[in-house]
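I opened the model to take notes on its fold, its cores and its rings. My entries follow the order in which I looked things up.

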Amino acid sequence: MRGVLISIAKILGFFGVWAALIAIVVMSAVTIGGVGWFHNVNWRLFVEIGGTIATLGALVFMVRVVDKRGWATLGFGADNSIVGLLSGTVLGAFIFVVPIGVLTALGYVRYAPDLGGFNANALWLALVLCFFNVITQEVLVRSYIFQELWTKYGVLVAHAVTTLLFVALHAGAIREGQNGLIAAANIALASVMLGLAYVRSGALWLPIGIHLGWNGLQGPVLGLSVTGQDIGLGYWRVFEFEGPPLLTGGAMGVEGGLIGLVGPALGLAIVAFAVRPKPAQ
């Protein structure tokens, strides 16, 4: 019992340090940029990049100062970092294309590009915002917390707790009725996939890449909603959705439809069978 209480205290400590650092970032944006800072792309970049630095700062503090572990245990080993990030990005994009293909074959999605508002600079900035947001999410969920639970209570406990946390981070979107519940299942399945990617590869590069490929393709590139949110900066679209929201996801985006579950399920299978476990050190 004492060990469990210590783990809870350490996880709460991680959240406390993270909250304090992220508050400095956000309050700086509000104080200097004003209440409308979110509509200024420069301040959004400041908050996303600052949020990533804050989250990494909380990780480093807990690992190095509290646990007194080495730098190699942070989850960002240099070995295969580029390969993990790039292959993950390709995999994340691929598993999003698959449900789009299924919906197209069913006649529920139509290729109807409207690129009149396309702007390469907006696309680039949106992808940068997406990249840092993904790093923040993965470090927050699958770094210190996952490590603490995995090493002391096993990988199943780590998966269960971090999946609940990952779903909770999207609570605002998943409250939207039937499609919100499907999105919650999609997010939970994706969390298990990303957690397995971390366990198998021994680093956060692969799950970061998968998460980036999935979010980056559907939001900034294709102009689709990501769990009900518009994370793009431009005004263009590539597809029109004409099928029942139960299958297509409706306003929630592909993640809110039953067909969308094909993506993370396929990704989980690929990670399970194609990513070889990292040898024990």
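The model is predicted, so I note the limits: local features need pLDDT of at least 70, side-chain atom pairs count only at pLDDT 80 or more, and totals for chains, interfaces and linings use all residues. Residues are numbered from 1 along each chain as its sequence is written, and side-chain values use heavy atoms, with hydrogens and water left out.

**Entry: Lys68.** Phi of Lys68 is near 55°, a positive value in a residue other than glycine. Where does Lys68 lie? I found Lys68 in the loop between helix H2 (41–66) and helix H3 (81–105). Helices here are DSSP runs of H or I with at least four residues, strands are runs of E with at least two, and both are numbered from the N terminus. Lys68 has a relative accessible area of 66%, so it counts as exposed.

**Entry: overall fold.** I counted 11 helices and two strands in the protein chain. From the N terminus, the order reads α-α-α-β-α-α-α-α-α-α-β-α-α. The radius of gyration is 19 Å, close to the 19 Å of the globule rule for 281 residues, so the chain is as compact as a globular protein of that length. That radius is taken over C-alpha atoms, and the rule is 2.2 Å times the number of residues to the power 0.38. The C-alpha atoms fill a box of roughly 55 × 50 × 35 Å along the principal axes. Of the 281 residues, 45% count as buried.

**Entry: cores.** I took a nonpolar core as a set of buried Ala, Val, Leu, Ile, Met, Phe, Trp, Tyr and Cys residues joined through side-chain atoms within 4.5 Å. The largest has 55 residues, and Phe14, Leu59, Phe96 and Val271 are among those with the most contacts inside it. Helix H8 (residues 177–201) gives the largest share of this core, nine residues. What does Val271 touch, leaving aside its neighbours within four places in sequence? Val271 is in contact (heavy atoms within 4.5 Å) with Leu91, Met193, Leu196, Ala197, Arg200 and Ile210. I also noted a second, separate core of five residues, which includes Val25, Trp37, Trp43 and Val47.

**Entry: rings.** I listed 13 aromatic pairs. Rings of Phe, Tyr and Trp (its six-membered ring) pair if their centres lie within 6.5 Å; planes under 30 degrees apart count as stacked, over 60 as edge-to-face and the rest as tilted. The rings of Phe14 and Phe15 have centres 6.0 Å apart and planes at 55°, so I logged the pair as tilted. Phe14 is buried at 0% relative accessibility, whereas Phe15 is partly exposed at 24%. Phe146 and Trp150 pair edge-to-face, 5.9 Å centre to centre with 75° between the planes. Both lie in helix H5 (residues 144–153), four residues apart, about one turn of the helix. Phe146 is buried at 0% relative accessible area, and Trp150 is partly exposed at 30%. Ring pairs also link Phe14, Phe15, Trp18 and Tyr144 into a cluster.

**Entry: charges over rings.** I required NZ of Lys or CZ of Arg within 6 Å of the ring centre and within 35 degrees of the ring normal. Arg44 lies over the face of Phe38, 4.4 Å from the ring centre. Arg142 lies over the face of Phe166, at 4.7 Å.

Definitions and conventions: Buried < 20%, exposed > 50% of the residue type's maximum accessible area, 1.4 Å probe, protein only.
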